[in-house]
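Student: I am new to this structure and would like to go through it with you step by step. Could we begin with how its strands are arranged?

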Amino acid sequence: MNEEDVKRRITDYQQAVGVNPLTCGNNSQHEKLYPKVLEQGLVLLCPNCKYTQTYIPDLFFDDGFYDWLRGMKNLS
Ligand SMILES: [Zn+2]
């Protein structure tokens, strides 16, 4: 799985209903983080401030990610 695949997964996750979206570490009232591939690799950025999260949760690398996400949607 390459960074673009993981980026797509994060985008799908952030738009999904029924999950806790990844949010800014400076202010949780800021808009949801969005993924971007920078020189140092894939990161999560805040649209409202300079917050950058380099840690990508293991969930997004899991083979069962989309099965899990579909399950979350069915529950909501
Ligand atoms: Zn922020």
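Tutor: Before we start, two strands are said to pair if DSSP finds at least two bridges between them. Please keep in mind that this is a predicted model.

Student: Over how many bridges do β1 and β2 pair?

Tutor: β1 and β2 form a hairpin, with two residues between them. Within this pairing, P35 has L44 in β2 as its bridge partner. The two strands pair in the antiparallel sense, and the number of bridges is five.

Student: Which strands are the edge strands of the sheet?

Tutor: Strand β2, residues 41-45, is also joined to β3 by two bridges, and these strands run antiparallel; there, L45 has T52 in β3 as its bridge partner. The open sheet therefore has the order β1-β2-β3, given that two strands pair if at least two bridges are found between them. Pairing on one side only, the edge strands are β1 (34-38) and β3 (52-53).

Student: Which helix packs on the sheet, and what angle does its direction make with that of β1?

Tutor: The helix that packs on the sheet is α1, residues 3-15, and it touches β1 and β2. Its direction makes with that of β1 an angle of about 165 degrees.

Student: Does F60 count as buried or partly exposed?

Tutor: F60 lies in the loop between β3 and α2 (65-75), and, leaving aside neighbours within four places in sequence, its contacts are V6, R9, I10 and F65. A residue is buried if 20 or more other C-beta atoms lie within 10 Å of its own. Because F60 has 19 C-beta neighbours inside 10 Å, it counts as partly exposed.

Note on methods. Residues numbered from 1 in each chain as written. Predicted model: local features only at pLDDT ≥ 70, side-chain atom pairs only at ≥ 80, totals over all residues. Helix = DSSP H or I, 4+ residues; strand = E, 2+ residues; numbered from the N terminus. Contact = placed C-beta atoms within 7 Å. Axes fitted to C-alpha atoms, helices over the stretch in contact; angles between N-to-C directions. Buried ≥ 20, exposed ≤ 12 C-beta atoms within 10 Å, placed from the backbone.
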